[in-house]
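Please read this briefing alongside the sequence and the 3D structure.

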Amino acid sequence: MQLGLIGLGKMGGNMRERVRRAGHEVVGYDRSPELQDVDSLEALVGALQAPRVVWVMVPAGDPTRETVEALGNLLEAGDVVVDGGNSKFTDDKVHADLLATKGIGYVDAGVSGGVWGLQNGYALMVGGSKEDVAKVQPIFDALKPPVDKESDSPAGEGAGFVHAGPVGAGHFAKMVHNGIEYAMMQAYGEGYELLAAVDLIEDVPGVVASWTQGTVIRSWLLDLLVRALQEDPGLDDITGWAADSGEGRWTVEQAIEHAVPMPAISASLFARFSSRQDDSPTMKAVAALRNQFGGHAVQAAKAREVEDPA
Ligand SMILES: O=C(O)[C@H](O)[C@@H](O)[C@H](O)[C@H](O)COP(=O)(O)O
């Protein structure tokens, strides 16, 4: 079948390639001329035969909203828009309702797999009506990981793809996935730090590597930590600064709304905020208070740099 794909960056570019390898025709648009197959959304829509499927793979928020709105003015009844970015699930109903006024369908797809997806396939968590999802299914089949017949996973054919529910369910499932991702990375990171903190352990990368087979905590993230430690055994080349793109915050927001206790995921989110502080105002206050009530020692701040009068 034909697919229109908007956004050909790290994710979209590889997805175009994977879908093409499965024998489908992909017409790609990106703002960067060196990546694009066509040079406008109008040209992309014009190159596809109805009913069209157009997959949006641009950053969440305004770029996705603007693209969906533009497509609403270009597509026609019976076409389907897929948002495959990391959009907040609450955006999906807004997008679906907007497109529904023109009879255009909408499917939200949480996509996991990062830069490895071209090789390994992309896990897909999908929301939308049965009818709209069915129109996109050949593309989902091309993108998803092949079912591993050797695997002992109890998921069987259910591994790597789910139609999780109506519009919004795909991005909600992906949001929770990412919350779990935060907490798992945090747990591996904390374990790594303790191993590295003691003289008793002489081969930290070796311990981590040994855990990748047979243990209860083996996982793909652990494999990636082994890889990172092979490239940079003491992680000396990077600083402990971690960004977040919103999914962890939305997961914790939902946990609060539904009174779901989420100590591990919320702690891992807050650890990222801490990672971006040079000097914690909270801990300054704690140190100041200990000093006030108990005369406990504080560490003097580094002398402020004196401005060069020249
Ligand atoms: O499953 C995936 O492939 C990842 O979850 C991916 O989608 C993730 O969103 C970004 O790599 C960074 O997310 P953060 O900036 O929130 O860590």
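The model is predicted, so local features need pLDDT of at least 70 and side-chain atom pairs count only at pLDDT 80 or more, while totals for chains, interfaces and linings use all residues. Residues are numbered from 1 along each chain as its sequence is written, and side-chain values use heavy atoms, with hydrogens and water left out.

**Domains**
- The protein chain splits into domain 1 (2–165) and domain 2 (175–275), with bounds from an automatic or database domain assignment.
- Eight residues from domain 1 and 10 residues from domain 2 make the contact (heavy atoms within 4.5 Å).
- Taken over C-alpha atoms, the centres of domain 1 and domain 2 are 29 Å apart.

**Contact between the domains**
- About 790 Å² is buried between domain 1 and domain 2, 61% of it on carbon and sulfur atoms; buried area is the accessible area (1.4 Å probe) that two parts lose on being put together, summed over both.
- One salt bridge is counted between domain 1 and domain 2 (a side-chain nitrogen of Lys or Arg within 4 Å of a carboxyl oxygen of Asp or Glu).

**Helix H10**
- Helix H10 spans residues 247–257; helices are DSSP runs (H or I, at least four residues), numbered from the N terminus.
- Its buried residues (under 20% relative accessible area, 1.4 Å probe, protein chains only) are Glu-247, Gly-248, Trp-250, Thr-251, Val-252, Gln-254 and Ala-255.
- Helices H4 (89–100), H7 (169–197) and H11 (263–275) are among what covers the buried residues of H10.

Key
Buried < 20%, exposed > 50% of the residue type's maximum accessible area, 1.4 Å probe, protein only. Helix = DSSP H or I, 4+ residues; strand = E, 2+ residues; numbered from the N terminus.
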